[in-house]
Amino acid sequence: RERSIIVVGALMIACGIAGFAYTIPTGSIPLILLCALLQGGGFGVAWPFLTRVIVASAREGEQTIASAAVPIVGCLAALRMSLTANRPQMATG
């Protein structure tokens, strides 16, 4: 059951991202808001169950390390996206 919830959350995230590709160029604020809610809701649905599956999959005695690694990886991914998104601004000064 948990894996299906993770899949539903991932599909929500994917639909939100795909929706952004259409709605941002059109400039429709209500549709952009809908895509943001869809993407954020997908993360909210999937994240706790994904963390639970990762911790349950860890070796005996490494559950604490696994539970600490999940948010760290998320933060590193956010940092990477932020640096990638700001690369043109950083190049021009």
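Before you click anything, learn one word: a residue is buried when its relative accessible area is under 20%, exposed when over 50%, and partly exposed in between (1.4 Å probe, protein chains only). What you see is a predicted model, where local features need pLDDT of at least 70 and side-chain atom pairs count only at pLDDT 80 or more, while totals for chains, interfaces and linings use all residues. Residues are numbered from 1 along each chain as its sequence is written, and side-chain values use heavy atoms, with hydrogens and water left out.

**Stop 1: the whole chain**

Show the chain as a cartoon. You'll find 4 helices and 0 strands, so called because helices (H or I, at least four residues) and strands (E, at least two) are DSSP runs, numbered from the N terminus. Read from that end, the order is α-α-α-α. Turn the model around: the C-alpha trace spans about 50 × 35 × 15 Å along its principal axes. The radius of gyration is 17 Å, whereas a compact globule of 93 residues would have one near 12 Å. That value is taken over C-alpha atoms, and the globule rule is 2.2 Å times the number of residues to the power 0.38. Buried residues make up 17% of the 93 residues.

**Stop 2: helix α1**

Select residues 2-26, which is α1. Its end C-alpha atoms are 36 Å apart, in agreement with the 36 Å that its 25 residues should span at 1.5 Å a residue. (The expected span is 1.5 Å times one less than the number of residues.) Now look for a kink of about 30° centred on F20; a bend at a residue is the angle between axes fitted to the seven residues ending there and the seven starting there.

Colour I5, I6, G9, I13, G16, G19, F20 and T23: these are the buried residues of α1, and they pack against α2. Zoom in on T23, which has 3% relative accessibility. Which residues does T23 touch? Leaving out residues up to four places away in sequence, T23 touches S28, L31, I32 and C35, where contact means heavy atoms within 4.5 Å.

Now click A21, also in α1. Is A21 buried or exposed? A21 is exposed, because its relative accessible area is 59%. Draw a distance from the C-alpha of A21 to that of I32, 11 residues apart along the chain, and you get 9.7 Å.

**Stop 3: helix α2**

Select residues 29-57 for α2, a helix of 29 residues. From first C-alpha to last, α2 reaches 41 Å, close to the expected 42 Å. This helix bends by about 30° at A46, and a proline, P48, follows within four residues. Colour C35, G42, A46, T51 and V53, which are buried. The buried residues of α2 pack against α1 and α3 (63-85).

**Stop 4: two cysteines**

A disulfide is a covalent bond between the sulfur atoms of two cysteines. Here it is counted as a pair of cysteine sulfur atoms within 2.5 Å. How many disulfides does that rule give? The count comes to 0. C15 is partly exposed at 47% relative accessibility, whereas C35 is buried at 7%.
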